[in-house]
Amino acid sequence: MIKIEEIMDFITAIQKEAFSFSDSSGLDRIIQAAGEAKFVLLGEASHGTSEFYTVRAEISKRLIEQKGFNCIAVEGDWPSCFTINRYVKGYAGLNTLDALKDFNRWPTWMWANEEIKDLITWLYNHNQLIDEHSLKTGFYGIDIYSLWESMDEIIKLLETKGAAELEAAKKAFACFEPFHRKPEKYAVATELYGEACEKEVAELLLKIKNKWEHTRNYEEESLNLLINSLVALNAENYYRAMVKGGPDDWNIRDHHMVSALEEVTEFYGRDAKVIVWEHNTHIGDARATDMKEEGLVNVGQIIREKYGEDQVFALGFGTHSGTVIAAEQWGEEMQVMEVPPAQAGSWEDALQKAGPGDKALLFTEENRDLFIDSMGHRAIGVVYNPEYEQYGNYVPTKISLRYDGFIFIEKTNCLNPLNMPLRES
């Protein structure tokens with residue numbers, strides 16, 4: 001438990017270093033702080049808060065226009081996000097709502113919402129002013145969950161090409177067919193009976209990499225094939241690890257997200273500059289939290305270690321109170337929930353006590369030591385129970401080592417899902 005005098009030190013330091021980002025000059029300070037980083041990682045403290053999306057969108061627009069960033073990679077499924085990519089680049093005759101219809105797997109609200117609709121409309125209009133497809137800003141999903149959807153995409157793409165790899169794809173797909181698109185059934189079967197499809201998907205990925213990796217053909221088909229194959233391989237491994245417990249499934253997922261990021265980066269070439277939208281638990285450096293003791297790594301840590309601190313700028317997000325969209329259990333109906341005032345002694349509590357209003361902090365060599373003590377930092381997932389949050393929703397964090405900056409929004413509101421019923425809690 002952090003001591004009272006340490007909390008007062010945090011409050012004093014926040015009062016000294018914080019600034020408003022409500023106007024253009026505040027956002028410009030954040031953009032300039034990103035420097036010449038190749039990767040800008042934008043977090044969120046929940047998957048269901050409107051302001052986290054809208055502020056990230058404003059920062060992303062400025063990075064694209066002022067710093068030459070050319071793709072956004074998000075914590076979403078590759079196949080459904082690639083539909084958005086095709087829309088914003090003008091590959092397909094879709095309207096904005098059509099581009100979002102592929103987000104039909106729970107939790108749908110994460111990407112099928114008004115906030116993302118506004119962003120991809122802006123991206124489409126931005127890209128319309130650019131002639132070269134290679135220079136247009138892309139939108140990609142780098143998560144791991146779309147095993148069956150990715151297999152569907154692989155077969156569909158290979159069929160249209162009459163490609164020799166089609167038989168290998170059908171063989172891999174046939175291995176998964178007995179499990180009726182239920183990853184939990186596949187995971188249990190591999191644990192109990194050793195019925196794994198690892199060999200089939202590994203062979204498929206190898207065949208596709210050997211032939212398609214360096215082929216830049218029509219509408220990014222090579223990249224689409226490659227990442228869907230990567231998803232199939234790593235998702236198979238992820239679901240097998242999931243039933244065993246321990247850190248492996250988390251680590252497989254975050255390593256996959258880094259691998260997908262690297263494939264996108266390689267596709268864009270030497271001028272690639274990537275904006276990443278993910279939860280704070282993925283973009284903030286795990287070494288600055290209790291995740292390290294649990295044997296967990298994450299995207300923020302891996303990218304920093306591989307590419308160097310100067311190539312990564314990570315911006316965390318948080319709130320003191322408000323509303324959020326989440327569900328009480330995995331797969332259940334989404335609902336609007338109250339986010340209670342931040343727990344006493346937490347990072348969010350200190351930010352609130354430092355003075356009213358939204359504020360931003362940038363951590364530098366000059367001030368980093370002021371924020372280096374560990375204190376609780378709230379994290380809300382797609383499953384949330386506000387009445388129990390004190391027992392599991394606060395991550396012990398050395399905030400200035402976890403992020404390069406932080407956005408605090410005093411009172412937040414829930415996302416606005418597209419044409420989906422909401423249940424009030």
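Mentor: A salt bridge is a side-chain nitrogen of Lys or Arg within 4 Å of a carboxyl oxygen of Asp or Glu. We have a predicted model here: local features need pLDDT of at least 70, side-chain atom pairs count only at pLDDT 80 or more, and totals for chains, interfaces and linings use all residues. Residues are numbered from 1 along each chain as its sequence is written, and side-chain values use heavy atoms, leaving out hydrogens and water.

Trainee: Where do K61 and E58 sit?

Mentor: K61 and E58 form a salt bridge, with the closest N and O atoms 3.2 Å apart. An α-helix has 3.6 residues a turn, so residues three or four places apart point the same way. Helices (H or I, at least four residues) and strands (E, at least two) are DSSP runs, numbered from the N terminus. K61 and E58 are three residues apart, about one helical turn, in helix α3 (residues 50-67).

Trainee: Is K61 buried or exposed?

Mentor: Buried means under 20% relative accessible area, exposed over 50%, and partly exposed in between (1.4 Å probe, protein chains only). K61 has 18% relative accessibility, so K61 counts as buried.

Trainee: How many residues apart are R253 and D143?

Mentor: R253 and D143 form a salt bridge, the closest N and O atoms being 2.7 Å apart. R253 lies in helix α12, D143 in the loop between β3 (138-141) and α7 (147-161). The pair links distant parts of the chain, and the separation in residues is 110.

Trainee: What is the relative accessibility of D143?

Mentor: Both partners fall under the cut-off for buried. R253 is buried, with a relative accessible area of 8%. D143 counts as buried because its relative accessibility is 3%.

Trainee: Which residues are linked in a network of salt bridges?

Mentor: R287 pairs with E305, the closest N and O atoms being 3.4 Å apart. R287 is in the loop between α13 (280-283) and α14 (299-307), and E305 is in helix α14, 18 residues apart. The linked residues are D285, R287, R304, E305, E309 and D404.

Trainee: How far apart are the end C-alpha atoms of α12?

Mentor: The expected span of a helix is 1.5 Å times one less than its number of residues. α12 has 21 residues, so it should span 30 Å. The end C-alpha atoms agree, with a distance of 30 Å.

Trainee: Which residue just after α12 takes a positive phi?

Mentor: α12 itself is mostly covered, with 15 of its 21 residues buried. Then look just past its end. A positive phi of about 85 degrees is taken there by G269.

Trainee: Which cysteine forms a disulfide with C175?

Mentor: A disulfide is a pair of cysteine sulfur atoms within 2.5 Å. This rule gives a count of one. The sulfur atoms are 1.9 Å apart, and the partner of C175 is C197.

Trainee: How many residues apart in sequence are the parts that C175 and C197 tie together?

Mentor: The link is left-handed, with -90 degrees about the S-S bond. C175 lies in helix α8 (residues 166-176), and C197 in the loop between α9 (183-193) and α10 (198-212). The pair therefore ties together parts whose separation in residues is 22.

Trainee: In which sense do β5 and β6 pair?

Mentor: Two strands pair if DSSP finds at least two bridges between them. Strand β5 (residues 312-326) and β6 have five bridges. A326 stands opposite Q335 in β6. The sense of the pairing is antiparallel.

Trainee: Which residues make the nonpolar surface patch?

Mentor: Patches are made of residues with over 30% relative accessible area and no salt bridge; like charges are joined within 9 Å, nonpolar side chains (Val, Leu, Ile, Met, Phe, Trp, Tyr) within 5 Å. V243 is partly exposed, at 35%. The patch covers about 200 Å², and its residues are V188, M242 and V243.

Terms used
Accessible areas come from the Shrake-Rupley method with a 1.4 Å probe; for residues, only the protein chains shown count as cover.
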